[in-house]
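Please follow this explanation with the sequence and the three-dimensional view side by side.

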Amino acid sequence: MIESYLLQSSSLTKLFNKLIETRHIYAPVKKGMVTSFNRVESLEEVAKDYIQTTISAKSILFLRNEILFHYKQENGDVKIMEPDLQRIPELVIWGCRPCDAKSFKSLHSVFNWDYKDIIYSSREARSAIISFSCNQADEYCFCTSAGSGPGHTEGSDILLTKLKSGDYLAEILTEKGQLIRDMIPAIFETPSSESKEDNLARIPIVFDTAGLKQKLEQAWNSELWITQSMRCLGCGACAFVCPSCSCFDIQDEKHGKEGVRSRCWDSCGFSLFTRHTSGHNPRETQAERWRQRIMHKFSYLPDQQGFTGCTGCGRCSRACPADMNIREHLAALINDSTSPENRVA
Amino acid sequence: MNEYQTIAAGLLSSGTAAMVIGYSEGSAKRVRPVFFTRPEEASTLVFDSRCVQNIAVYLTKKEIRTEGKIAIIASLPVMRSIIQLASEHQLSEEKIIVIGITPSGEVKQFNGFDALDAYVSSTTIEIEARYREKIEQVEKMTLTERWNFWKNELSACFKCYACRAACPMCYCTRCTVEMNQPQWIPVPSHTLGNFEWHIMRAMHLAGRCVDCNACAEACPLGIPFNLLTKQMILQFKKDFGGYNPSLKGLNILSSYLPDDKENFIQ
């Protein structure tokens, strides 16, 4: 269900102003060298020139520190106070990239796997995603190799592609998108004949995910896990900027007889992530933790949910203090001949 | 090949070193740390102003320690880190060769810690003017202004611990933030948890930080928490005439002298 319209450049403000009457808008805001999704009040606050935000749009739906409930000890009993989900406002995620929009599919799948997470789902249900296609990319981008692309529509409710004229091609992709269009129908005009493709960044395909998955199934003992991860510092920067990493830790914070239970972002790159109470760690080395990160995204998740846990946004490579470049490392894994399994083959 | 590349290749081909740690070209005009074991790789070593990651951090890693004798291409901050780590008994002299490159570009090979210690002691840690100005600005703030300044900066932290991971002095196998019986530092990255983390980290670096800036360079969010460690260095300068990592001198915060001018401990 794709309906295409032309949105004049001057209509962008009208759309924004219409939405902010009833909704909270989160959009990329630049502060120093860092661009991240913040709540904004006007379109002027929104960053103009950014290839990619430093932190992904994930941070709006999957909070880095989410209070699951408050508790209180009272008369020998424990009283649980769950958050009031009715108070979650209607949200608009404005200006996210197609790779971020697609990654919500991965988060949705994890938070609805064997248990429907009502906090995540409530926030998701009240969010509309208005993405902007990419007309520029950098050498870290590899969305076209990860099942996404500069004009990919999956995950967005409305996708806007800036045309050479300065106007936008607006693709209404979902019912939520239609609802927004119906809030201000006059600005959605008959589209011009200008092609969307001509206005998208060119991002070369470096590998195909199906081939990578097949290769990874034979790569458990590859030496590349060791050589690639030698410089990995074991921090969580890659996981925390990633739009699809969803691992979390549950923490209780108690003060006297009351407290809160929170869900906090966590990362498989930390040695503590798998350390047992006994001190034994089933993923003792950074190489094993690096293997887990890649296998989870490109082998296990495709098996479990049918798509990769990476959309090729390149944030992990940009954020890595030791220049671990995921695109380069995946390409090397595809051409790897160091694992005993591959040698036999 | 240039001088440090030739030395590195020579150490590997003679078998004197099992591995050379240095920098090579990385992605998007960045450099990255490399771990070479073959002499022919040495020609791709680079060293210039982009080499700000402190690669001394790798010397205490289990994966590297088992590799045998390591030669390391060391900037002045890396050399200082090696001496500080040695003074804390974290490195053994016979397992490290330092291919030092001084700020003026002179290549000096150090085979023992004494010579390296003498060189490091001949230098002084100087806080760059732009940071001194910023620190002065913060110090001039009223308590409320300063609280708001730090609240604003530190509330952005999402606790990826890249600062800790990038710091050679943060070698503890179990960090205070991982102690949970009791939980000293809150795990969630809320403002209080972030304050406690960054203040604790700064305090644990008092008298140890070599001002390499690797922590701030590593932070994906550009949080200026390095002002805390830099301020402490300036404070040490005022109170104790400064400090330098050293194998001979006293570690300022973990040493006690009977004739200390403070007498509360006597």
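A residue is called buried when its relative accessible area is under 20%, exposed when that area is over 50%, and partly exposed in between, as found with a 1.4 Å probe on protein chains only. At 15% relative accessibility, A:Cys245 therefore counts as buried.

The model is predicted, so local features need a pLDDT of at least 70 and side-chain atom pairs count only at pLDDT 80 or more, while totals for chains, interfaces and linings use all residues. Residues are numbered from 1 along each chain as its sequence is written, chains are lettered from A and ligands numbered from 1 in the order in which they are written, and side-chain values use heavy atoms, with hydrogens and water left out.

The sheets of chain A come next. Helices (H or I, at least four residues) and strands (E, at least two) are DSSP runs, numbered from the N terminus. Two strands pair if DSSP finds at least two bridges between them. In chain A, 7 strands form an open sheet in the order 1-9-8-7-6-2-3, and the pairing is mixed. Strand 1 (3-7) and strand 3 (34-40) of chain A stand at the edges; each has a single partner strand, so one side of each is left without a neighbour in the sheet. On average, neighbouring strands of this sheet are turned by 25° against each other, direction ignored. For such angles, axes are lines fitted to C-alpha atoms, for helices over the stretch in contact, and the angles run from 0 to 180 degrees between N-to-C directions.

Strand 2 (residues 24-31) of chain A pairs with strand 3 of chain A in the antiparallel sense, over 7 bridges. A:Ala27 stands opposite A:Asn38, which belongs to strand 3 of chain A. Helix 5 (residues 175-183) of chain A packs on this sheet and touches strand 1, strand 7 (127-132), strand 8 (158-162) and strand 9 (168-172) of chain A. Contact here means heavy atoms within 4.5 Å. The direction of helix 5 of chain A makes about 85° with that of strand 7 of chain A.

Another open sheet of chain A is formed by 4 strands in the order 5-4-11-10, with antiparallel pairing. Its edge strands are strand 5 (77-81) and strand 10 (248-255) of chain A, each of which pairs on one side only. From one strand to the next, the twist averages 25°. Strand 4 (residues 65-74) and strand 11 (residues 258-265) of chain A pair in the antiparallel sense over 7 bridges. The bridge partner of A:His70 is A:Val260 in strand 11 of chain A.

How do two helices meet? Two packed helices are described by the angle between their axes and the distance between the axes. Helix 6 (residues 209-216) and helix 9 (residues 286-305) of chain A pack at an angle of about 105°, with axes 10 Å apart. Helix 6 of chain A is therefore roughly perpendicular to helix 9 of chain A. Angles under 35 degrees count as roughly parallel, over 145 as roughly antiparallel, 65 to 115 as roughly perpendicular and the rest as oblique. From helix 6 of chain A, A:Thr209, A:Leu212, A:Lys213 and A:Leu216 take part, and among the residues they meet in helix 9 of chain A are A:Ile294 and A:Phe298.

Most residues other than glycine have a negative phi, and most peptide bonds are trans. The peptide bond from B:Gln181 to B:Pro182 is cis, with omega near 5°, and B:Pro182 lies in the loop between helix 7 (162-166) and helix 8 (191-204) of chain B. B:Tyr161, which is not a glycine, has a positive phi near 60°; B:Tyr161 is buried at 11% relative accessibility. A disulfide is a covalent bond between the sulfur atoms of two cysteines; here the term is applied to a pair of cysteine sulfur atoms within 2.5 Å. How many disulfides does the structure hold over all chains? The number is 0. The sulfur of A:Cys245 is 3.7 Å from the closest cysteine sulfur, in A:Cys242, which is too far for a bond. B:Cys160 is in no disulfide either, and its nearest cysteine sulfur, that of A:Cys235, is 5.1 Å away. B:Cys160 is buried, with a relative accessible area of 6%.
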